[in-house]
Amino acid sequence: KIQYAMSVSHALDKYFKISERGSTIATELRAGLTSFLTLSYILLVHPQVMAKAGMEQRDVVTATCLSSGLATAFVAILGNLPFVMAPGLGLSAYF
């Protein structure tokens, strides 16, 4: 198990060039958790705003989670960038 964890961390480091960019996997995990907690308010606020426009709150939660997760994975894997993607509230206010 330890050797598998080391090979996974080595593969992550090699693909995302973590040590080459002067960081560590632990630092990147903390940064990812911080980013998630910073943007998690959108999972609570966005459905409430859209529900007032007549959309089903449960469906908006699902769509927000899926779009955020897929967009973040897309940017991370294909773009090799450490960005968190989530829908903004600005345009939602027009609904």
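1. In this predicted model, Asn 80 counts as buried, at 14% relative accessibility. The cut-off for that label is under 20% relative accessible area. Asn 80 lies in the segment after H4. Although Asn 80 is not a glycine, its phi is positive, about 55 degrees. Most residues other than glycine have a negative phi, so this backbone is worth a look on the screen.

2. Lys 17 also needs a comment on its backbone: it is not a glycine, yet it has a positive phi of about 55 degrees. Lys 17 sits in the loop between helix H1 (2-16) and helix H2 (25-39). Its relative accessible area is 35%, so Lys 17 is classed as partly exposed, a label for values between the 20% and 50% limits.

3. Helix H3 covers residues 41-52. At 1.5 Å a residue, its 12 residues should span 16 Å, and the end C-alpha atoms are 17 Å apart, which agrees. After H3 comes Gly 54, with a positive phi near 100 degrees.

4. Which residues of H3 are buried? They are Ile 42, His 46, Pro 47 and Met 50. Around the axis they cover an arc of only 115 degrees, and therefore lie on the same side of H3. The packing partners of these buried residues are H2 and H4. On the face turned away from the buried side, H3 carries the exposed residues Leu 44 and Lys 52.

5. Helix H4 runs over residues 57-79, and Ser 68 is found in it. Is Ser 68 buried or exposed? Its relative accessible area is 12%, so Ser 68 is buried. Leaving aside residues up to four places away in sequence, Ser 68 touches Met 85, Ala 86 and Pro 87.

6. Phe 74 belongs to helix H4 as well. With a relative accessible area of 55%, Phe 74 is exposed, the limit for that label being over 50%. Together with Tyr 15, Ile 77 and Leu 78, Phe 74 makes a nonpolar surface patch of about 460 Å². Helix H4 supplies the largest share of this patch, three residues.

7. To sum up H4: the helix contains the buried Ser 68 and the exposed Phe 74, and the buried residues of H3 pack against H4.

Definitions and conventions. Residues are numbered from 1 along each chain as its sequence is written. This is a predicted model: local features need pLDDT of at least 70, side-chain atom pairs count only at pLDDT 80 or more; totals for chains, interfaces and linings use all residues. Side-chain values use heavy atoms; hydrogens and water are left out. Patches are made of residues with over 30% relative accessible area and no salt bridge: like charges are joined within 9 Å, nonpolar side chains (Val, Leu, Ile, Met, Phe, Trp, Tyr) within 5 Å. Accessible areas come from the Shrake-Rupley method with a 1.4 Å probe; for residues, only the protein chains shown count as cover. A salt bridge is a side-chain nitrogen of Lys or Arg within 4 Å of a carboxyl oxygen of Asp or Glu. Helices (H or I, at least four residues) and strands (E, at least two) are DSSP runs, numbered from the N terminus. Buried means under 20% relative accessible area, exposed over 50%, partly exposed in between (1.4 Å probe, protein chains only). Contact means heavy atoms within 4.5 Å. The expected span of a helix is 1.5 Å times one less than its number of residues. The arc is that of the directions from the helix axis to the C-beta atoms.
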